[in-house]
2 protein chains.
Amino acid sequence: MQYQEAKEKFISTWGSLGTLWGINKAMAQIQALLFISTKSLSMEDIMEELKISRGNTSMNLRQLMDWGIVTKVLVSGERKEFFTTEKDVQELARIVAKERSRREIKPVIKVLDEVSSIKNDGTEKTKELIKQTKALRELTDDLDTLMNKLVNQKQNWLTKSVFKLMK
Amino acid sequence: MQYQEAKEKFISTWGSLGTLWGINKAMAQIQALLFISTKSLSMEDIMEELKISRGNTSMNLRQLMDWGIVTKVLVSGERKEFFTTEKDVQELARIVAKERSRREIKPVIKVLDEVSSIKNDGTEKTKELIKQTKALRELTDDLDTLMNKLVNQKQNWLTKSVFKLMK
DNA sequence: ATAAACTTTCAATAATTATTGAAAGTTTAA
DNA sequence: TTAAACTTTCAATAATTATTGAAAGTTTAT
């Protein structure tokens with residue numbers, strides 16, 4: 001496999017994996033392209049490489065910047081904007097975990113709290129609803145906490161003590 | 001908030017959260033309905049509660065059974081089939097984690113391996129591609145391993161030692 | 001063997017989500 | 001101030017994904 005093929009394979013795989021970390025295909029592909037690029041890229045560069053429209057590129061770059069994954073870089077002597085992504089995978093994971101927690105998990109916990117605190121009228125079905133939503137709330141909360149803790153250990157978090165402990 | 005409202009809120013929230021654990025809306029809603037139900041339900045029951053068609057119900061129930069989340073139960077004296085879901089949240093998490101690892105994460109690791117093992121022709125861009133896909137491969141693999149380990153600790157895995165260690 | 005009771009399949013359709021491209025908006029240089 | 005260079009916006013459209021419903025298939029009771 002040569003460079004070009006490998007690059008395309010990486011970009012398309014990472015793109016379709018986007019759903020796993022909660023973002024859309026174009027967004028993931030732009031990030032993937034920047035991730036393996038040795039220099040920052042302009043909108044023009046990205047459009048050309050990924051064969052997507054200007055509008056699409058603009059919107060998805062903005063979203064990536066909202067997530068804090070991509071940043072603008074000023075290239076002296078150039079008028080147009082250039083973009084780069086966080087290059088450290090662990091920092092990337094930290095950002096993604098934090099954002100998903102904030103955007104998706106926290107709101108769900110809130111709803112589960114509301115649902116599990118309805119008045120217990122003593123009926124079987126009400127008891128079951130309360131019991132099960134409470135259990136789910138706790139699990140979701142635990143997973144969220146764990147994820148954030150893991151991911152906030154900036155140095156070697158995975159390969160160090162936690163990991164060994166669990167052998 | 002009364003029972004009916006709480007129930008609907010739970011089902012719709014859990015349904016839209018489906019993407020977070022990688023399944024579609026109807027599938028997640030069926031699972032949610034079964035999860036808070038005190039007895040097993042027939043296809044008819046599910047169709048009626050969720051206002052979805054017979055075909056949709058049938059297909060999504062089959063998928064849930066493929067995942068190993070839902071099982072048929074035989075109700076004596078009844079000809080039609082009844083369904084129930086795993087009621088223990090931790091066991092549920094275990095199943096979901098295992099399936100997602102198998103269906104999504106493992107295949108990605110395979111591609112990252114292929115890409116990162118291309119011939120190093122010494123150019124900057126090739127070195128970058130190899131370096132970054134290797135880093136991503138390791139992170140993905142570590143997260144996958146960790147997830148599986150966590151989730152295979154059947155008893156109190158979250159609230160016990162791991163959790164305390166990370167305080 | 002037959003028919004009633006039930007489930008599955010799948011082509012058609014609907015709903016949702018992503019993408020385009022051109023007009024409007026903004027910034028910079030002269 | 002003007003105009004060129006660039007970015008953003010958003011209505012229209014395309015692509016994708018989910019859902020329906022009726023025909024085909026299966027199982028069970030008699």
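The crossing of α3(B) and α4(B) is right-handed, a term used when the near helix is turned clockwise from the far one by less than a right angle. The model is predicted: local features require pLDDT of at least 70 and side-chain atom pairs pLDDT 80 or more, while totals for chains, interfaces and linings use all residues. Residues are numbered from 1 along each chain as written, chains are lettered from A and ligands numbered from 1 in written order, and side-chain values use heavy atoms without hydrogens or water.

Helix α3 (residues 43–50) of chain B and α4(B) have axes that come within 10 Å and cross at roughly 115°. The two helices are therefore roughly perpendicular (65 to 115 degrees). In their contact (heavy atoms within 4.5 Å), α3(B) supplies B:Met43, B:Glu44, B:Ile46 and B:Met47, which meet B:Arg54, B:Thr57, B:Ser58 and B:Leu61 of α4(B). These residues comprise four nonpolar, two polar and two charged.

DNA strand D is surrounded by 17 residues, each having a heavy atom within 4 Å of the strand. The closest are A:Ser58, A:Arg62, A:Arg79, B:Ser53 and B:Arg79. By class, this surface has seven charged, six polar and four nonpolar residues.

Two or more residues of the surface near DNA strand D come from each of α4 (54–67) of chain A and α4 (54–67) of chain B, and the largest share, five residues, belongs to α4(A).

Methods. Helix = DSSP H or I, 4+ residues; strand = E, 2+ residues; numbered from the N terminus. Nonpolar A, V, L, I, M, F, W, Y, C, P; charged D, E, K, R; others polar. Axes fitted to C-alpha atoms, helices over the stretch in contact; angles between N-to-C directions. Parallel < 35°, antiparallel > 145°, perpendicular 65-115°, else oblique.
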